[in-house]
Amino acid sequence: MTDLTPITALGASAPRSQDFGAYTLRENSALALVSLAIARCATPPTPFGLTLPSAGCCTTHADYTAFWTSPDQWMITAENLGETDFAATVQNEVPDARLTEQTDGWVAFDITAETDGQIGAVLSRVANLPLIDLTPGKAVRTGFDHMSIFLVRRSERHVTVIVMRTLAVTLWHALETILQRLGDTK
Amino acid sequence: MLIPHPLLGLRDAQEFTYLGDANLLNRPDPTAPDAEAAFCDYVFLRDNPAGKHRELWFHEQGDRSWLVVTRDTLTHEISDVELATDVARRGK
């Protein structure tokens, strides 16, 4: 049992990354996730200095991001902590919160663009939502190609798409198809 | 059809799953003497109004909340939407 080889959600030994003209699609296998819930109407904590956001929004502080998932519940993510016990780290930060480790259940794909406005073209093909709900600082859960996905709009040129881990290859294919078309028309 | 989610604004009905009459929230008391008859009505009998209807929708591809949607079955016009948890806690 000592010769196990860790693989990413896409089955390789290293995260996949591909350029499509002005766009880059990158598997982020180092993203740690944990869901955090509090009692109804309790005062939201501020783990790692994060202000837990209201419905449909996300907040970022240093390498940590929190996005709203449902009333009194959020997802906390951290860059480069995917191989650590992130739930225990968060539990130390907020001892009264109810936490569930989520890192192994999801895969995150980052889409970055070279100029402002280009991410909007991607999102209009991914989500059946008005783009005003997907501006920087917004985060939603919605349906895409029969998959339930989270869209976390981190900045004008950066969006993270999170899907359940078993759908990693399917989502990569769907995003690849969109980005190939958009990249070709640059 | 667009459903005005109380927290998230207008969302496509494709994100939701329909469960039918909102009277399902009013589960009969299983310890009551007429529980068997009450549960028979609860499980099998539904009103089928041509007009305003209160119904349950589950935001499956969204925030996973249950909503009570008041919809006109003739026009699909939605006149009211509430979180089912709020309705249940209010006891109506």
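**View 1. Where chain A meets chain B: 11 residues of chain B and 10 residues of chain A make up the contact.** This is a predicted model, so please read each close-up with that in mind. On the side of chain B that touches chain A, you will find 5 polar and 4 charged residues, along with 2 nonpolar ones.

View 2. Is A:Val94 buried, partly exposed or exposed? A:Val94 counts as partly exposed because 18 C-beta neighbours lie inside 10 Å, and a residue would need 20 or more to be buried. Setting aside neighbours within four places in sequence, the contacts of A:Val94 are A:Leu36, A:Pro45 and A:Pro47. While you are here, look for A:Thr46 too: 48 residues separate it from A:Val94 in sequence, yet their C-alpha atoms are 8.0 Å apart in space.

**View 3. The largest nonpolar core, with 51 residues.** Good places to start are A:Phe109, A:Ile111, A:Leu151, A:Val161 and A:Leu175, the residues with the most contacts inside this core. Helix 3 of chain A (residues 168-184) supplies the largest share of the core, 7 residues.

**View 4. A closer look at A:Ile111 and its contacts.** Beyond neighbours within four places in sequence, A:Ile111 is in contact with A:Tyr23, A:Leu25, A:Ile119, A:Val122, A:Val159, A:Val161 and A:Leu175.

**View 5. A second, separate core, made of 8 residues.** Among them are B:Ile3, B:Phe16, B:Leu67 and B:Val68.

Key. Residues numbered from 1 in each chain as written. Chains lettered and ligands numbered in written order. Predicted model: local features only at pLDDT ≥ 70, side-chain atom pairs only at ≥ 80, totals over all residues. Contact = placed C-beta atoms within 7 Å. Nonpolar A, V, L, I, M, F, W, Y, C, P; charged D, E, K, R; others polar. Buried ≥ 20, exposed ≤ 12 C-beta atoms within 10 Å, placed from the backbone. Core = buried A, V, L, I, M, F, W, Y, C linked by C-beta atoms within 7 Å. Helix = DSSP H or I, 4+ residues; strand = E, 2+ residues; numbered from the N terminus.
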